Amino acid sequence: MKILLSNDDGYRAEGLRALGEALAPLADITVVAPDRNRSGASNSLTLDMPLRVLPFEARKFLVVNGTPTDCVHLAVSGLFEGESDFDMVVSGVNDGANLGDDVIYSGTVAAAIEGRFLGLPAIAVSLVIQPNSGNHFATAARVAAEMVMRIQRSPLHQATILNVNVPDVPYDQLRGYQATRLGFRHRSDPIVKMSDPRGRPVYWVGPAGGSQDSGPGTDFHAVANNYVSVTPLQIDLTRHSMLEDMSNWLQGRAE
Ligand SMILES: Nc1nc2c(ncn2[C@@H]2O[C@H](COP(=O)(O)O)[C@@H](O)[C@H]2O)c(=O)[nH]1
């Protein structure tokens, strides 16, 4: 099995190293990762400048001056001679949650989404780090390895994208796995306005909002109860339930 790894925290991230170590016994691993932290990059592609690809520690560990989506896009679209015959994309381990609305902005999830063009399963793995939690990346990496072995035993539907969030606890404190839906957050905290050394205003995006829809069945609820949350994602953004109403509205036939 050939697995492509990427992330959005950058090629030196602890979570990427832990992920690679956990998956190495299971598959032939290739890493293509951003040269710096690209958290929040979402599915952005770099179209306004050339991308450069440099080797890091090994021939199959490459660093790109681009986004997580750029990394996977390059890897599956010609960076390697011949067809990109990867069997799976695994992205992470993100140093923070990707719960609910986070997936809209997440570079980690975006790298997995880009893997859909392979027509194969793709997994985004995030560690739900809390203040004073222990940064248990090894737990999340072990969960990723279990997910890969489960997919090997029992393949999923084509182009399945799994958003996996792992509680930041020692592995033996995990209570199991739960299939979940995305919850959602309150709107983000206000932006933070400051001045640069020349007195010009600068702005920081404020912290993410707290959980709002976090009841049983949501990803928030699962991780809050020490379960691994596994949310199947889809890319079809069409609101199919609204198509007939939209047609009527366009024809001026609204009730
Ligand atoms: N509004 C803010 N959202 C934040 C902040 N830190 C994280 N986030 C959300 O989480 C994801 C992180 O995912 P990643 O895979 O991109 O690292 C990010 O995309 C946001 O949705 C924050 O300070 N403010």
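Before going on, a word on the model: it is predicted, so to speak of local features we need pLDDT of at least 70, side-chain atom pairs count only at pLDDT 80 or more, and totals for chains, interfaces and linings use all residues. Residues are numbered from 1 along each chain as its sequence is written, and side-chain values use heavy atoms, with hydrogens and water left out.

Strands here are DSSP runs of E, at least two residues, and helices are runs of H or I, at least four, numbered from the N terminus. Strands pair if DSSP finds at least two bridges between them. Strand β8, residues 177-179, runs parallel to β13 over three bridges. Strand β7, residues 161-167, pairs with β13 in the antiparallel sense over five bridges, and there Ile 161 stands opposite Leu 233.

Is β13 mostly covered or mostly open? Five of the six residues in 228-233 are buried, meaning under 20% relative accessible area with a 1.4 Å probe, protein chains only.

Now, the ligand. It is surrounded by 16 residues, the closest being Ser 39, Gly 40, Ser 106, Thr 108 and Gly 206; surrounding means a heavy atom within 4 Å. Helices α3 (102-105) and α4 (107-114) each supply at least two residues of that shell.

Which distances stand out for you on screen? A backbone N or O atom of Gly 40 lies 2.7 Å from a ligand oxygen. A polar side-chain atom of Thr 108 is also 2.7 Å from an oxygen atom of the ligand.

Notes: Buried means under 20% relative accessible area, exposed over 50%, partly exposed in between (1.4 Å probe, protein chains only). A polar contact is a pair of N or O atoms within 3.5 Å; within protein, one must be able to donate a hydrogen and the other to accept it, and residues adjacent in sequence count only if both atoms are side-chain atoms.
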